[in-house]
Amino acid sequence: MLKSFLVLNMMALGGCATATATDAKIAAPESVALAPETLKSAEFEEAMAEADERQRVFSDPAESLALTGDLVQGGLVFATTLPGARVSLDGEPVMVSDEGRFILGFGRDHGKSALLVVTHADSSVVRRALDIADREFPVDRIDGLDQSKVSGFTEAQLKKIGEDNAKKDAARKVSDPAPFWAGGFSWPVTGRISGVFGSQRILNGEAKRPHSGVDVAAPAGAPVKAPADGIVRLAESNMYFEGGLVFIDHGQRLESAFLHLSRIDVKAGERVKAGQVIGAVGATGRATGPHMHWSLKWMGTLVDPALVAGDMRQADNSGR
Ligand SMILES: [Zn+2]
């Protein structure tokens with residue numbers, strides 16, 4: 001698995017000293033209702049077209065940004081810049097804390113390059129073209145699932161699925177601007193990895209969407225711990241596909257989901273600390289056996305939890 005540590009110096013780009021209209025909308029000082037979509041800015045399109053200019057960006061270090069993480073499909077990067085900065089990635093505004101902390105995420109199918117734009121409090125603008133490494137994703141065939149959880153849903157089942165989706169959508173409408181993620185991530189439960197992020201799924205012979213997270217096989221009843229600090233946004237015991245489901249908001253639109261839980265120990269709105277038990281492993285919803293499914297979403301884009309949780313051999317096994 002690709003694992004890298006990056007500390008990148010930011011480069012000031014000459015001749016771009018003013019904030020654009022898009023950049024001016026970036027700051028989000030408190031919990032905000034999230035817009036359903038954001039159009040890519042003309043500035044982004046223009047910058048991506050000018051490869052020569054991007055090369056120059058790298059030649060003028062200014063030490064105003066540090067990035068830590070994986071510049072790879074499914075990767076998350078944790079960043080620190082100067083207080084008061086505003087940030088966009090690929091033309092979309094990113095939440096930044098008052099101290100200048102923010103996250104960047106790259107989806108399973110992200111292209112080879114991303115554009116980071118940081119507008120400092122003094123209106124100077126720095127841009128950085130990031131190279132995003134490709135990953136190979138395996139094909140994952142799972143048979144023996146209850147067919148009623150795969151296709152051919154009845155009216156009543158579709159109604160339940162629709163109600164579940166509305167609850168999930170509502171829970172994702174707010175995110176705290178605080179960087180609860182800053183203390184780092186650890187595995188919520190340890191055990192054999194029985195499913196990896198991004199695999200192409202074939203369920204009972206039917207092609208489905210890629211696997212949204214990582215599966216860890218563990219005995220039913222094993223404690224599931226919060227992988228990082230956050231605020232519980234959803235705690236539902238009976239979702240159609242997910243079964244027992246908990247969402248934790250780690251701040252700045254980074255959110256964990258834990259599926260198939262047999263028991264839930266937290267309530268929506270509750271503040272949780274890293275390592276706190278939030279529930280127990282189960283096989284509720286669409287599952288062939290007890291396991292914990294963990295998904296991680298940043299700004300609506302699924303990323304790979306295994307990349308942030310690190311080596312499981314070094315994880316705390318005391319809860320098993
Ligand atoms: Zn899964």
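**View 1. Strands 8 and 10 of the predicted model, joined in parallel.** In this predicted model, strand 8 and strand 10 (residues 200-203) run parallel and are joined by four bridges. Within this pairing, R141 stands opposite I202 of strand 10. The two strands belong to an open sheet of three strands, arranged in the order 8-10-11, in which the pairing is mixed. Strand 8 (139-142) and strand 11 (206-207) are the edge strands of this sheet, each of them pairing on one side only. As a general point, the strands of a sheet pair through backbone hydrogen bonds, in either a parallel or an antiparallel manner.

View 2. The largest nonpolar core comprises 66 residues, and the members that touch the most others are I103, V189, V224, V246, F258 and M292. Because domain 1 (23-131) and domain 2 (139-314) both contribute residues to this core, it lies between them.

**View 3. The surroundings of F258.** F258 is one of the residues that touch the most other members of the largest nonpolar core. When its neighbours within four places in sequence are left aside, F258 is in contact with P188, V224, V246, I278, G279, M292 and W294.

**View 4. Helix 3, largely in the open.** Helix 3 (residues 155-171) has 17 residues, which at 1.5 Å a residue should span 24 Å, and the 25 Å separating its end C-alpha atoms agrees with this expectation. The number of buried residues among the 17 of helix 3 is zero, so the helix lies largely in the open.

View 5. E236 is found in strand 14 (residues 230-239), and it counts as partly exposed because it has 18 C-beta neighbours inside 10 Å, whereas a buried residue would need 20 or more. Not counting residues up to four places away in sequence, E236 touches K167 and L245. Although E236 and K167 are 69 residues apart in sequence, their C-alpha atoms are 9.2 Å apart in space.

**View 6. The whole protein, for orientation.** The protein contains four helices and 21 strands, and buried residues make up 41% of its 320 residues. Of the contacts with a separation of 6 or more, 71% are accounted for by residues 24 or more positions apart.

Definitions and conventions:
Residues numbered from 1 in each chain as written. Predicted model: local features only at pLDDT ≥ 70, side-chain atom pairs only at ≥ 80, totals over all residues. Core = buried A, V, L, I, M, F, W, Y, C linked by C-beta atoms within 7 Å. Buried ≥ 20, exposed ≤ 12 C-beta atoms within 10 Å, placed from the backbone. Domains from an automatic or database assignment. Contact = placed C-beta atoms within 7 Å. Expected span 1.5 Å × (residues − 1). Pairing = 2+ DSSP bridges.
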